[in-house]
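Morning, everyone. I'll take you through a few local features.

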Amino acid sequence: MAAALAKLDEAPILAAANYGVLPLDVLSGVLLRLPADELCRLRLVCRSWRSLTSDPLFAKAHSSRHPHVVALHSNSGEVHVVDLSGNVLKRIHLEHRGDDLTTQLDLLYVVSFRSGQDHALNVVTGMVEHTTQRSSSTHTTVLGHVPSTGEYKVLRIQWGQRSEVITLGSGNNGGWRQRPRAPTIIAVSSRYMAQVGGVAYFMLDQPLVPADIEPDDIASFDLVTEEWRPTLIHGPLRQLTKYPIGVIYLCLAKLNDCLVMVHYNYQDVSGDLWFLEDIDKSLWIKRYSVRCEGGPLRDNQFHHPLLVLEDGRVVFFVDEYLRSYDPRTRTWADLTMMRGYHSVRMHHGSLLCSGKRGEGGAAVDATRRYKGLKRTVGGESPRKKGRRRRS
């Protein structure tokens, strides 16, 4: 028994000593290949490994190699973080069952119609960071992030297009602020909204808007100034000489930090992905054309783009599956089944460390950590080694 305990006591020392065998860049390259849940367990090996895997730069590189989604699990009522192979990396228990969610970096905003409360959750810690009382007149809610300040804000739009904004984590002064009404009637579903670069974009409720507004016009709300853009953004269909009004379906998405309008044509079972290049000129570029499989598109076969992979494939959520489309070969491949999930969203943050302090703070912390790691040999700093020699 004593011998076994002695071996356990020696294990961390040996692990720390092994850290010095590999150069930092080599060790980092090895650890980057492992999934996030395994890296979280490997942090227990030694302080050096914990410091490396908690570094914001390492975490950013890791999340780019290991994309994952967040979704509400219908049976358990939990938020699940799922990789593209279907492995559940993290489970977050909710006090009240969620009905919808939006994401920004490391925060999730879970909407609960039945409880009357909405919650902002930190994906890394799983803790509730902010709770807001839900108004019965709210019909649209979106979580936004302001890159210039690092602030997280929630925009909610009440019936009658009344707008309110709250800054999360702002203490006693963080109440809802009344903002100007939306310029026209916006669509309710999350399919018709996206948040990119501190601006929230909304498609319009077409049957209720004036006749001179086109189906692909977009309203936008600036989360920095907390004002609606005075003019609508014209969609890409105006650039086409002719498009069939009765057989198209439009939605918004965020891909590679760009606003994307997805234009589905039910007639020829195809979809075009238009990227907004210039907001002031309403200039759009069509980068992908997708040929959808099967017969005529149905509502439950809605193809919602989530991510463009490094190899050029586009990941979609469609008909309870995560699927990838390769534009070079024009072929589809199933990645994993997502049966029992709803509100499937792309998570652009990391499970290894929280980046809530903003890119500036993360970069400073990263520099400090890497300098500390380079000074560390075998889990000990040179200063400590010097003390040990003198003693």
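Which residue in E23 does Leu322 stand opposite? Leu322 faces Thr336 there.

Before I go on, some ground rules. This is a predicted model, where local features need pLDDT of at least 70, side-chain atom pairs count only at pLDDT 80 or more, and totals for chains, interfaces and linings use all residues. Residues are numbered from 1 along each chain as its sequence is written, and side-chain values use heavy atoms, with hydrogens and water left out.

Now the sheet. Strand E22 covers residues 321–326, and six bridges join E22 to E23. The two run antiparallel. Strands here are DSSP runs of E, at least two residues, and helices are runs of H or I, at least four, numbered from the N terminus. Two strands pair if DSSP finds at least two bridges between them.

The whole sheet is open, with four strands in the order E20-E21-E22-E23 and antiparallel pairing. E20 (304–308) and E23 (331–337) are the edge strands, and each has a single partner, so one side of each lacks a neighbour in the sheet.

Next, helix H2, residues 24–31. Leu27, Ser28 and Leu31 are buried there. Buried means under 20% relative accessible area, exposed over 50%, partly exposed in between, using a 1.4 Å probe and protein chains only.

Last stop, a loop. Val269 sits between strand E17 (258–265) and strand E18 (270–278). Val269 counts as buried because its relative accessibility is 10%. Arg291 is 22 residues away from Val269 along the chain, yet their C-alpha atoms are separated by 6.5 Å.
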